[in-house]
4 protein chains.
Amino acid sequence: MRAVRVHAYHEPPVLDDVPDPGLGGPLDVIVEVGGAGLCRTDLHILEGQWAAVQNPDLPYVIGHENAGWVHEVGEGVTNVAVGDTVILHPQPSCGLCRACRAGKDMQCENAFFPGLSNNDGGMAEYLRTTARACVKLDPATNPADVAALADAGITAYHAVRKALPLLHPGTTAVVQGAGGLGHIGIQCLAALTGTRIVVVDKNPDALALAAQIGADETVQADGDHVAAVQDLTGGGAHVVFDFVAEQGAEMDGWNMTAPDGSYYVIGYGGELHIPTLDIIATERNIVGNIVGTYTDLSELMVLAQAGKVTLHTQQYPLDDAVRALHELDAGHVRGRAILVP
Amino acid sequence: MRAVRVHAYHEPPVLDDVPDPGLGGPLDVIVEVGGAGLCRTDLHILEGQWAAVQNPDLPYVIGHENAGWVHEVGEGVTNVAVGDTVILHPQPSCGLCRACRAGKDMQCENAFFPGLSNNDGGMAEYLRTTARACVKLDPATNPADVAALADAGITAYHAVRKALPLLHPGTTAVVQGAGGLGHIGIQCLAALTGTRIVVVDKNPDALALAAQIGADETVQADGDHVAAVQDLTGGGAHVVFDFVAEQGAEMDGWNMTAPDGSYYVIGYGGELHIPTLDIIATERNIVGNIVGTYTDLSELMVLAQAGKVTLHTQQYPLDDAVRALHELDAGHVRGRAILVP
Amino acid sequence: MRAVRVHAYHEPPVLDDVPDPGLGGPLDVIVEVGGAGLCRTDLHILEGQWAAVQNPDLPYVIGHENAGWVHEVGEGVTNVAVGDTVILHPQPSCGLCRACRAGKDMQCENAFFPGLSNNDGGMAEYLRTTARACVKLDPATNPADVAALADAGITAYHAVRKALPLLHPGTTAVVQGAGGLGHIGIQCLAALTGTRIVVVDKNPDALALAAQIGADETVQADGDHVAAVQDLTGGGAHVVFDFVAEQGAEMDGWNMTAPDGSYYVIGYGGELHIPTLDIIATERNIVGNIVGTYTDLSELMVLAQAGKVTLHTQQYPLDDAVRALHELDAGHVRGRAILVP
Amino acid sequence: MRAVRVHAYHEPPVLDDVPDPGLGGPLDVIVEVGGAGLCRTDLHILEGQWAAVQNPDLPYVIGHENAGWVHEVGEGVTNVAVGDTVILHPQPSCGLCRACRAGKDMQCENAFFPGLSNNDGGMAEYLRTTARACVKLDPATNPADVAALADAGITAYHAVRKALPLLHPGTTAVVQGAGGLGHIGIQCLAALTGTRIVVVDKNPDALALAAQIGADETVQADGDHVAAVQDLTGGGAHVVFDFVAEQGAEMDGWNMTAPDGSYYVIGYGGELHIPTLDIIATERNIVGNIVGTYTDLSELMVLAQAGKVTLHTQQYPLDDAVRALHELDAGHVRGRAILVP
């Protein structure tokens, strides 16, 4: 089959012809890829930033945001069958450790992350995953339309989902960064809460889109935005979702958070510097967020199939993967880039 | 191997010589039984009360409260290895359905219940279960000492665990029925909360034991006990745990529950008759409780291994199983009867 | 001032001329009534059904669903000032007992209920309440437009609010009874959750309205409705909100509830008959619901002022109160009847 | 009456003869002080550290940790009567703002803090507070025995109470700092959870005491303590309670926190420096904690009156207040110093 493989860091990946993946264990599932999202993390992988953390043997196939059709299943698989349309949780989990038993898939002691860890990913015709990563979809779903929910989508949904008990009517939520993840987060907030949604971004186009999909107020990040949010909220928001969290945005996010409020970190790259006195005197919280659970992905797909969360995507044939990655790096992709067979 | 099998309802079971069970799927585990608890449900099975519900092919092996040592594992098993000491959740779950993914093992769509459903149970030398039923124990644990926690124990723990957010210091909890399950519930309440514990039972010996293991107050169920609890609590308890829920105890339990309180049903056999006006005017709740989750069993074993929950047991050799069941039926067993190899 | 007073049960009330109410304590507030809702409970009061429960001295002023403008305040009042537009929680609470300190206003040990308990209500020009009942509104609000949220509204909102953690995307909620409370409940569910909303009612017009304001599915209560809901939901709803709970609807509601689901009782009049085995085997819950808290009312007003919850009302001059009650009794009122000055 | 007043910063306070305080509003309560705790915050006040924050008019009476007997009540007070034994929440709240209505006393918009804000405190014969600060006690209680629970106690209890849902059996909690607050926190954890308690402190005597009152493990803070906790816990604790949070302890506390765990900040003085990548990759939380609520204080008093939380105190006559403060500053007080009449 064709597959996009990294041969060396700081070099473009190569579209290779490689053997199809096969079943390796009783819960394994081979999926025919119908849509594979491109993510900035793929660029970071090519730049070698993940080499030390995950240390995969090169060459290997990238792509961790996948949907498609079940092609083959191991003997222990009971939740999906050949031919089913599926979206894939990016990190197959074991189902046997304490974390899995409590529904905390991302804390699984035995998980792997195809396309990131030492396992081939989904920028290819076929992908090996496991039964515990497969969320079955309406057969009419086009995998290319939803693939981006597999990683960007559940990360945004997970953070919003955790914050729901804090977001009753009368509260305000700030979304900092209305890009790929942020614009999903805004839609989730609008679908699931009665909170007032304030969106902060540098880009006027992103703010215009935000206003269309659920923002009650928008604030341009022009240097006065922390004060502007303070004014709009009378002293800060109950919850701040920071999809940026780098280049100073992280301290802005913290400073937009009201007393008794919570600052949800989803983006990364920056560093917080906070006196413990500031934390206790205002009784504020900082909440870490990573990729969501299998249940999060299932729930998000319900919203997506009901039309409450939609994605802007731009499709590229698998054969043009290298060009697509280049355009992503150059900032020329509008919406999410998706590889299709 | 030797196994206690039901050949016909309304007849004593028979100690048969049958083939050892073998692996049937990749997650299967064969356990050498070290302790198998006797439960009143076993008597009900023999009386045919479960025939219509579960409809097992006869003859079959009973026994659903088991602990022992891992004897053989399927190719997909990663959480236990041959030789491990284990206690077994009574209902192996699939790990793939929506309920399992949310940690709700008892709502698994594909579960079975060895010794109750159409699957052989643990009153035998060996038992077939699956990896998802196995909780690994300290190797020094004697399975016979803990087997009764596998069913009676997690049922009591599950109800207490669900009620913890309601039981802050200053509240009162009533435990109705200080028998097998109830005396575990009392110990769990004493270990995990600062609530005042009031125990109601007909039997003065049971009340004396209750006072030793954590009850703050005891009330004999002599006909005036609802009024006595009302007096002790100033109008009812915040939570009532009803381990009886038959022969009128169910209405007593409801009537001991304070406004804004919750009545937890764990026992069964009776019938509630409640005007909806009574429910809304006092804003009371009725909470159903079944066997606990895998996580519940794991947590309970932590309490047990720390000495915070202890069991009174009486051991019988497997060869004497029929006599043991007879003694249980006759009310001659003190504590929990456990079959040992 | 003019006031609608009950002089004797089983007789129409009388529009009397009585002295204006005055301040009686430091937290008292006198409100000029701008809108007073008529409720079926007012009819029940006139029928003498509440005589034994509340035992007010006759004659007294009825009306427990009120909004208006602050006319006079006691010396300890700091949250509202003369001239403020306010909606009134129906049960002023003390703010000092344990229940109040935990935010549980309806469990206040020292509360009273003007128009129901031995205190004059709001079908009058002025009403005495306390600071703890006053929710301050946008000054532009017309009290007559929102008065019905003061009792019918918060009762529906309270039940929905309590159930929110159970209603994630992928679940189904049944609303039984799409009348005054039910149609507010539907709007709250649509505004605050991603659950699928199934509405059950006998009246096709009520179902047609339900479909406009958020119902995903409607089911006519024609005798086959329990089976219809079972089919639609694959075995029952995760949450059933029963705004009827009489004349057999209460058992229908319970029987529409899925295993692991919860049956929320809001209406009343019927009686549940449930074997404890049914409760434990399916691990279902029954949840009592009464009028909401002050915080519930505040939150609901945010939804109302954002246009997410709207009411159909029919206004009557205070002078026509007796006629309005008569029309309510005769079933001729469309939406909620509201008395205006 | 006699009262300990600050006349100027950087100078010892003076025992003055001043007029008795009088009622100023309908909810005011005058308390005859039976015990007034000395706190390090009193030393910081004398050093001028709070001057800018609270800016009280000098001279004023210090002392914010008080218990005693009700001496006089305003006309609106219904929860206590003259002669009642009471412990006082340090921050009287209004009972009318949104925060108060949700039970969040410390976020009250109209609160004051006698002895810290511009209001006289309790190092005196009498103190003016309000009804909403008074928790009624068993009349037999000696105020001097419990006064320290009014501030140090509820702060520790509040943090533990918030963390209870995270501390099921099988988890580990670290308590960093086993001094005044920490040793109350340890007792609360032992009374209310089944978590394993690991205590970290520099002082071997504090660790010895910790082991007596509930610590399962103790670790001396000798520079290797983070690694020691990592070893004991297999990678960090589920919850870390940091009662120090200065001089580097704050980063130690964060680094002792397991993935998916929470770092509770209670002490203050230091500064956290944390890359956002560390927060999201491990999905950890930082939780701010301030003084507890009225309900927290009520619950803590239940534990105290049941003997589950005890205090070591050293009494000084009010006339020796200046000496007591000097001894506290010099580190010569064992347990908590309490002024008595």
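Reader: Hey, quick one to start: which helix is Gln187(A) found in?
Author: Gln187(A) is found in helix α6 of chain A. Helices here are DSSP runs of H or I with at least four residues, strands are runs of E with at least two, and both are numbered from the N terminus. This is a predicted model, so local features need pLDDT of at least 70 and side-chain atom pairs count only at pLDDT 80 or more, while totals for chains, interfaces and linings use all residues. Residues are numbered from 1 along each chain as its sequence is written, chains are lettered from A and ligands numbered from 1 in the order in which they are written, and side-chain values use heavy atoms, with hydrogens and water left out.

Reader: Okay. Does Gln187(A) count as buried or exposed?
Author: Gln187(A) counts as buried because its relative accessibility is 6%. Buried means under 20% relative accessible area, exposed means over 50%, and partly exposed is in between (1.4 Å probe, protein chains only).

Reader: And what does the side chain of Gln187(A) reach?
Author: That side chain reaches the backbone oxygen of His183(A) at 3.1 Å. Leaving aside neighbours within four places in sequence, Gln187(A) is also in contact with Ile213(A), Lys308(A), Val309(A) and Thr310(A). Contact here means heavy atoms within 4.5 Å.

Reader: How many residues of α6(A) are buried?
Author: 10 of the 13 are, so α6(A) is largely enclosed by the rest of the structure. The buried ones include His183(A), Ile184(A), Cys188(A) and Leu192(A).

Reader: What span should α6 of chain A have?
Author: At 1.5 Å a residue, the 13 residues (180-192) should span 18 Å, and the end C-alpha atoms are 19 Å apart, which agrees. The expected span is 1.5 Å times one less than the number of residues.

Reader: Switching topic: how many residues of chain A are in contact with chain C?
Author: 13 residues of chain A are in contact with 13 residues of chain C. About 960 Å² is buried between these two chains, with carbon and sulfur atoms giving 58% of that. Buried area is the accessible area (1.4 Å probe) that two parts lose on being put together, summed over both.

Reader: How many salt bridges cross between chain A and chain C?
Author: The rule finds zero. It asks for a side-chain nitrogen of Lys or Arg within 4 Å of a carboxyl oxygen of Asp or Glu. There are two residue pairs in polar contact between chain A and chain C, both at pLDDT 80 or more. A polar contact is a pair of N or O atoms within 3.5 Å; within protein, one must be able to donate a hydrogen and the other to accept it, and residues adjacent in sequence count only if both atoms are side-chain atoms.

Reader: Now chain D and chain A. How many salt bridges there?
Author: The rule finds four across that interface. In one of them, the side chains of Glu283(D) and Lys162(A) meet at 3.1 Å, N to O. There are also 22 residue pairs in polar contact between chain D and chain A, both at pLDDT 80 or more.

Reader: What area do chain D and chain A bury between them?
Author: About 2500 Å², 55% of it on carbon and sulfur atoms. In chain D, Thr276(D), Ile280(D) and Glu283(D) lose the most area to chain A, together 26% of what that side buries. The contact takes 31 residues from chain D and 31 residues from chain A.

Reader: What rotation superposes chain D on chain A?
Author: A rotation of 180° does it, with 0.0 Å of shift along its axis and an RMSD of 0.0 Å. The two copies are thus related as by a two-fold rotation axis. The superposition is by least squares on the C-alpha atoms of residues with pLDDT of at least 70 in both. Also, 100% of the interface residues of chain D are interface residues in chain A too, so the copies meet through the same surface.

Reader: Where does Asn285(A) lie?
Author: Asn285(A) lies in strand β15 of chain A, residues 285-288. Asn285(A) is buried, with a relative accessible area of 16%. Not counting residues up to four places away in sequence, Asn285(A) touches several residues, among them Trp254(A), Tyr263(A), Ile286(D) and Val287(D).
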